[in-house]
Amino acid sequence: MRPVALAGAGVCKFGVRQASYRELIWEAGKACFDSVPGLRPRDLEGLVVGSVMPERTAFQSHIASLAAEALGIRPTRLSARTEHMCASGSVGIRYAYAFIAAGLADLVMVLGVEKLNQPSGAEAVLNMGTGVDREWEAAFGLTAPPCFALAAQRHMAQYGTTEEQLALVGVKNHTHATRNPNAHFGKGATLEQVLCSRMISSPLRLYMCSPITDGAAAVVLASAERARELTDRPVWIRGTGQALDGFQLSSLPEDYAHWPALKRAGEAAYRMAGVGPRDVDVAEVHDCFAIAELIAYEELGFCKKGESGSFVAAGRSDDGGDVVVNPRGGLIGCGHPLGATGVAQAAEMFAQLRDEAGSRQVPGAAVGLTHNNSGMGEHVVMIYGREPA
Amino acid sequence: MTYLRAVDPFPLQSADQTKLAEFYARLATGRLSTTRCAGCGRMAWPPRAFCAECCSDRFDWVDLSAEGTLKAFTVQDTGLPAGFTGPRVFAIVEVDGLRIFTIILDGGAGSPSIGQRVRLRPLRVADGPAGDPRWLPAFAPA
């Protein structure tokens, strides 16, 4: 396979945006093109768009073509949309990666976009039920929070993880978001604020949850030759893995505090990249809820099983720790515009591994990891490097 | 303009809409049932018309116990989708060795506890498009 690199990246302002679906695409596209001087839309050979529910929000299908036209891209090698719930963006990156690695294309943009607050955030909460099983789960009113709450309860019962340790994930990521001008939230949060915020689904409180957010992000993937023409500091895709345990809650492993699919996806990515957990300097993990970040530390090998609570409490996932997790603020601080999230994680790696992340830069970061999931049962891991191998 | 719930959140349950109509017919009379593969004998939850083990599409209906054990639960207070109200007890109940996702009704009657015995209490929801009554397999403390 041929090496593949990120040659550009851009993210729009995340939040409850006074901007349409197409306008979010324009904003992320502009930010991405601005990061690659000399690159014009018609130079790109393809576009993959990760987007989950425009049919329900913008009442719009045929998304990849809409976005290509909006940005002036005329695909000659690849044009596709990925819908894979919350991991749609990372799945799109894997498609573009595979096309370029196989020699079927040299230069492809991956864009993720979601306009969730349309006409209101409450509509998005209703729509989120499409991500779980309609007939056997969503018919009861199930959306994401109770699923992850079940994982949190199990983790607390089995390993003694505390509500305060869950809250510390919220504190860290809200605090990190204050250094990211594109984050949904910018005020930070204290431990007391997180612990006193309203209960969503026991034991998960509001500040331990990602919000309903509009946003878009874009990255440019390129073959080695094209990447070096476009920039003197490409960020290399070193490894990738994806694995599925199941879709319905009743078919996942009974112990919701164990996510074997994440472990498998991580191991596949590490093996391909030729690195291990201790080599990772910076990670963006899928903290849709605080418990997800804790379990990610364990399954990705940053700490032992069951020790994630003390890991976060000791600051080992914060600035100066073993691995800086979610420096951009994660999903809790940045918000979670579904299809955009995986692409925004990649954009953060592009900034971090080029020393361009400003006040949130992880000093000397050379290896970065992203983790994007679709529920507790399905996970995508990407590993990026400053060096090609 | 608001278009909350311009969708039907409940499954279509009548025989002209689903091969699994028998499940709902039995549920309406207070019986919990599922499918057993006619090829390999595997019981599944939820019911299915294709066996993921042996690829058979032939199945028989079998009744399950109406009682089970509460294995895990969470109470959602806020942030529920339009048309659903909190507090709502989402749960995993084990019945005859099968793990069933459901809700526990009468949650206000006292806090549920892991290991507690619960009993099927079919929950009537909005009628189907042909005016047919629809039911979901909910549970309540036994």
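## Terms and model

Two strands count as paired if DSSP finds at least two bridges between them. Helices (H or I, at least four residues) and strands (E, at least two) are DSSP runs, numbered from the N terminus.

This is a predicted model, in which local features need pLDDT of at least 70, side-chain atom pairs count only at pLDDT 80 or more, and totals for chains, interfaces and linings use all residues. Residues are numbered from 1 along each chain as its sequence is written, while chains are lettered from A and ligands numbered from 1 in the order in which they are written.

## The sheet of chain A

Chain A holds an open sheet of ten strands with mixed pairing, in the order β3-β2-β4-β7-β1-β8-β12-β11-β9-β10. At its edges stand β3 (78-82) and β10 (324-325) of chain A; each has a single partner strand, so one side of each is left without a neighbour in the sheet.

Strand β2 (residues 46-50) of chain A runs parallel to strand β4 (residues 107-114) of chain A, and five bridges join them. Within this pairing, Val48(A) has Val110(A) as its bridge partner, and Leu47(A) has Met109(A). β4(A) also pairs with strand β7 (residues 215-223) of chain A, in the antiparallel sense and over eight bridges. There Leu111(A) stands opposite Ala218(A) of β7(A). Helix α2 (residues 63-71) of chain A lies across β2, β3 and β4 of chain A, at about 125° to β2(A). Such angles run from 0 to 180 degrees between N-to-C directions, and axes are lines fitted to C-alpha atoms, for helices over the stretch in contact.

A residue is buried if 20 or more other C-beta atoms lie within 10 Å of its own, exposed if 12 or fewer, and partly exposed in between, with C-beta atoms placed from the backbone. Eight of the eight residues of β4(A) are buried, so this strand is largely enclosed by the rest of the structure. In a regular strand the side chains alternate between the two faces of the sheet. Both faces of β4(A) are covered, with buried Leu107(A), Met109(A), Leu111(A) and Val113(A) on one side and buried Val108(A), Val110(A), Gly112(A) and Glu114(A) on the other.

A nonpolar core is a set of buried Ala, Val, Leu, Ile, Met, Phe, Trp, Tyr and Cys residues joined through C-beta atoms within 7 Å. The largest one has 173 residues, and Ala28(A), Val108(A), Leu111(A), Phe148(A) and Val219(A) touch the most other members. Helix α13 (residues 338-352) of chain A gives the most to this core, with nine residues. Two residues are in contact if their C-beta atoms, placed from the backbone, lie within 7 Å. Leaving out residues up to four places away in sequence, Phe148(A) touches Leu204(A), Cys288(A), Phe289(A), Ile291(A), Ala292(A) and Met376(A).

## Two packed helices

Two packed helices are described by the angle between their axes and the distance between the axes. Helix α3 (residues 88-101) of chain A packs against α13(A) at an angle of about 60°, with the axes 5 Å apart. α3(A) and α13(A) are therefore oblique to each other. Angles under 35 degrees count as roughly parallel, over 145 as roughly antiparallel, 65 to 115 as roughly perpendicular and the rest as oblique.

## Two loop glycines

Gly321(A) sits in the loop between α11 (308-313) and β10 of chain A. With 16 other C-beta atoms within 10 Å, Gly321(A) is partly exposed. Its C-alpha atom is separated by 37 Å from that of Leu142(A), 179 residues apart along the chain.

Gly186(A) has its place in the loop between α6 (163-177) and α7 (191-196) of chain A. It is partly exposed, with 15 other C-beta atoms within 10 Å. The C-alpha atoms of Gly186(A) and Val16(A) are 170 residues apart along the chain and separated by 13 Å.

Chain B has one helix and nine strands, which run α-β-β-β-β-β-β-β-β-β from the N terminus on. Its C-alpha trace spans about 45 × 45 × 25 Å along the principal axes. Of the 142 residues in chain B, 31% are buried.

The contact takes 32 residues from chain A and 30 residues from chain B. On the side of chain A that touches chain B, α4 (121-127), α5 (144-159) and β5 (199-201) of chain A each supply at least two residues. α5(A) gives the most to this side, with six residues.
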